[in-house]
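This report describes selected helices, salt bridges and backbone features of the structure shown below.

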Amino acid sequence: MNELWRLDAMKIAALIKSRQVSAHDVAMAALERLSAVNPSINAVVDMRPEDVLVQASRIDAAIARGEETGVLAGVPVTVKVNVDQKGYATTNGVTLQQDLLATDNSPVVDSLIEAGAILLGRTNTPAFSYRWFTNNRLHGHTKNPHDPTLTPGGSSGGAAAAVASGIGHIAHGTDIAGSIRYPAYACGVHGLRPSPGRVAAYNSSSPERDIGGQITAVSGPLARSIDDLELALRVLSRRDARDPWWTPVPLRGPEVARRVALCLDPGKIGTCEPIRVKLREAGRYLEAAGWIVDEVEDLPPLREAAELQIRLWIGEGYEAKLAAAEKEDDPGALAVLQGHQALGRSTTLASFSQALTRRATLIRQWQLFMETYPMVLLPASADLPFEDDLDLKGRTAFERVWNAQIPQIGVPFLGLPGLSVFTGLNGRTPTGVQLVAPRFREDLCLAAGAVIEAAFGPPSVVDPVGS
């Protein structure tokens with residue numbers, strides 16, 4: 001069983017707990033796969049193989065003693081470099097933070113450890129986690145394992161590229177404007193952005209980023225199966241007193257009407273034909289599984305929600321963000337901030353407050369809509385995965401990128417969970433669709449996602465394509 005890295009997390013945990021394989025065997029297979037493919041994609045940028053084997057030995061010893069080892073016992077998982085992991089630098093892809101060693105674990109890291117996961121390595125992100133492309137001056141360029149001319153997505157591009165190519169069975173990511181869902185889409189895996197308050201988060205290395213739970217990134221999982229996403233969500237939803245916004249809501253909610261609003265072109269973003277085809281196919285598969293699917297011309301305001309999310313995210317502390325990016329001298333970070341210069345410099349305390357007030361109104365409109373349609377099927381992006389570094393190729397290209405991502409950006413502003421589901425390849429280019437449900441109804445996203453996965457087939461491990 002030298003290709004243990006191909007198996008799903010649930011299968012790996014079951015094999016280890018039943019002693020059919022050891023955690024050491026799994027860890028060795030994971031390290032061999034990492035060594036074989038990571039040089040061509042640069043997904044994992046901080047790794048300590050000796051520590052991985054020590055973690056595996058602890059799991060095997062605990063099982064030998066008959067101790068409970070958690071639902072992810074021995075499962076290799078990657079962690080994004082923008083969250084604290086004790087003894088590692090929380091770089092966020094920035095040279096200015098290469099020596100910012102964490103003295104404690106983030107709650108998400110503690111949750112993974114408590115569940116028995118083996119932390120395999122730390123995955124790349126663009127500088128400051130600003131982009132849908134993954135490249136920085138500290139860790140270098142992450143490549144899409146399907147096609148190196150395409151973006152692997154961002155900001156959790158390393159996470160998506162890793163799990164797509166068999167480096168780890170589950171990847172941790174964060175999402176403030178699509179940073180889990182878009183990399184999953186671009187690399188041909190599944191990615192879940194949970195509702196704010198579902199997964200406890202806190203970085204002692206940068207506590208000032210916790211702005212009242214309003215614009216902080218939400219941690220969530222990427223994986224090659226819906227079942228593994230559900231398992232990971234259960235693990236990550238653990239309470240931690242360090243997060244004042246964590247909410248004790250059950251992972252499964254009450255029964256609701258299985259009614260879906262299918263929207264091909266929300267906010268008139270200009271969804272490309274290959275994605276329209278996938279959306280219609282996904283709608284037909286849901287209908288065949290007993291869901292009522294209604295195609296709607298548009299949704300409650302999504303473009304406005306995206307514009308306001310950009311104001312809260314980019315506009316808050318804009319001058320300090322710009323100064324840091326200039327000091328870092330990262331082209332991608334500078335392109336994002338300079339591209340939104342007018343918005344950033346026009347953000348005042350009054351406009352920030354107005355955005356939050358308007359947010360309540362838009363959330364109300366969406367909640368009322370979701371009384372009728374508790375599931376929305378819409379694009380993850382208006383375009384197929386972008387040419388790599390497209391946002392650096394002039395103003396027109398920059399605006400094309402940001403317009404295409406309206407469905408990614410708007411969902412976090414509304415506080416809703418979003419799931420990017422793989423829907424097969426278009427040539428060698430991954431495709432996917434997005435599912436959105438009411439707040440704390442990740443279970444509905446996962447249920448609909450399981451139907452779509454069964455129809456299109458789950459993501460397969462990719463052997464990275466060379467440049």
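## Salt bridges and their surroundings

Asp 240 counts as buried because its relative accessibility is 10%. The model under discussion is predicted. The partner of Asp 240 in a salt bridge is Arg 242, with 2.9 Å between the closest N and O atoms. Arg 242, at 30% relative accessibility, counts as partly exposed.

A second pair is formed by the side chains of Arg 345 and Glu 319, which meet in a salt bridge at 2.7 Å, N to O. Arg 345 belongs to helix 12 (residues 341-346) and Glu 319 to helix 10 (residues 318-328), so this pair ties together parts that are 26 residues apart in sequence. Arg 345 is partly exposed, with a relative accessible area of 45%. Glu 319 is likewise partly exposed, with a relative accessible area of 45%. Salt bridges with shared partners also join Asp 110, Asp 240 and Arg 242 into one network.

Over the whole structure, the search finds 25 salt bridges. One of them links the side chains of Asp 391 and Arg 131, at 2.7 Å from N to O. Asp 391 lies in the loop between strand 11 and helix 14 (395-404), while Arg 131 lies in the loop between strand 3 (118-123) and strand 4 (135-136); the pair therefore ties together parts that are 260 residues apart in sequence. Asp 391 counts as buried at 4% relative accessibility. Arg 131 also counts as buried, at 4% relative accessibility.

| Asp 240 | Arg 242 | 2.9 Å |

## Packing of helix 9 and helix 13

Two packed helices are described by the angle between their axes and the distance between the axes. For helix 9 (residues 303-315) and helix 13 (residues 349-372), the axes come within 10 Å and cross at roughly 145°. Their crossing is left-handed. Helix 9 contributes Glu 304, Ala 305, Leu 308, Arg 311 and Leu 312 to the contact, and helix 13 contributes Ser 351, Phe 352, Ala 355, Leu 356, Arg 358 and Leu 362. Sorted by class, the contact of helix 9 with helix 13 comprises seven nonpolar, one polar and three charged residues.

Helix 16 (residues 442-456) has 15 residues, and the distance from its first C-alpha to its last is 21 Å, close to the 21 Å expected at 1.5 Å a residue. The helix is mostly covered, with 11 of its 15 residues buried. Among the buried residues of helix 16 are the charged residues Glu 442, Asp 443 and Glu 453, together with others that include Leu 444, Cys 445, Val 451, Ile 452 and Phe 456.

What do the buried residues of helix 16 pack against? Their neighbours are helix 7 (226-236) and helix 8 (273-288), along with strand 7 (190-193), strand 11 (375-379), strand 12 (418-426) and strand 13 (429-436). Helix 7 is itself largely enclosed by the rest of the structure, because eight of its 11 residues are buried. These buried residues are Ile 226, Asp 228, Leu 229, Leu 231, Ala 232, Leu 233, Val 235 and Leu 236. After helix 16 comes Gly 457, whose phi is positive, near 90°.

Asn 38 is found in helix 2 (residues 23-41) and counts as buried at 8% relative accessibility. Leaving aside residues up to four places away in sequence, Asn 38 touches Arg 33, Ala 43, Val 44, Met 47 and Ile 167. Asn 42 is located in the loop between helix 2 and strand 1 (44-46). The phi of Asn 42 is near 55°, a positive value in a residue other than glycine. At 19% relative accessibility, against a cut-off of under 20%, Asn 42 counts as buried.

## Other backbone features

Asn 92 also has a positive phi, near 50°, and is a residue other than glycine. Asn 92 occupies the loop between strand 2 (76-80) and helix 4 (107-114), and it counts as buried at 16% relative accessibility. Elsewhere, a cis peptide bond with an omega of about 10° joins Gly 154 and Ser 155. Ser 155 lies in the loop between strand 5 (140-141) and helix 5 (157-164).

Key. Residues numbered from 1 in each chain as written. Predicted model: local features only at pLDDT ≥ 70, side-chain atom pairs only at ≥ 80, totals over all residues. Heavy atoms only, no water. Axes fitted to C-alpha atoms, helices over the stretch in contact; angles between N-to-C directions. Helix = DSSP H or I, 4+ residues; strand = E, 2+ residues; numbered from the N terminus. Left-handed = near helix turned anticlockwise from the far one by under 90°. Contact = heavy atoms within 4.5 Å. Expected span 1.5 Å × (residues − 1). Buried < 20%, exposed > 50% of the residue type's maximum accessible area, 1.4 Å probe, protein only. Salt bridge = Lys/Arg side-chain N within 4 Å of Asp/Glu carboxyl O.
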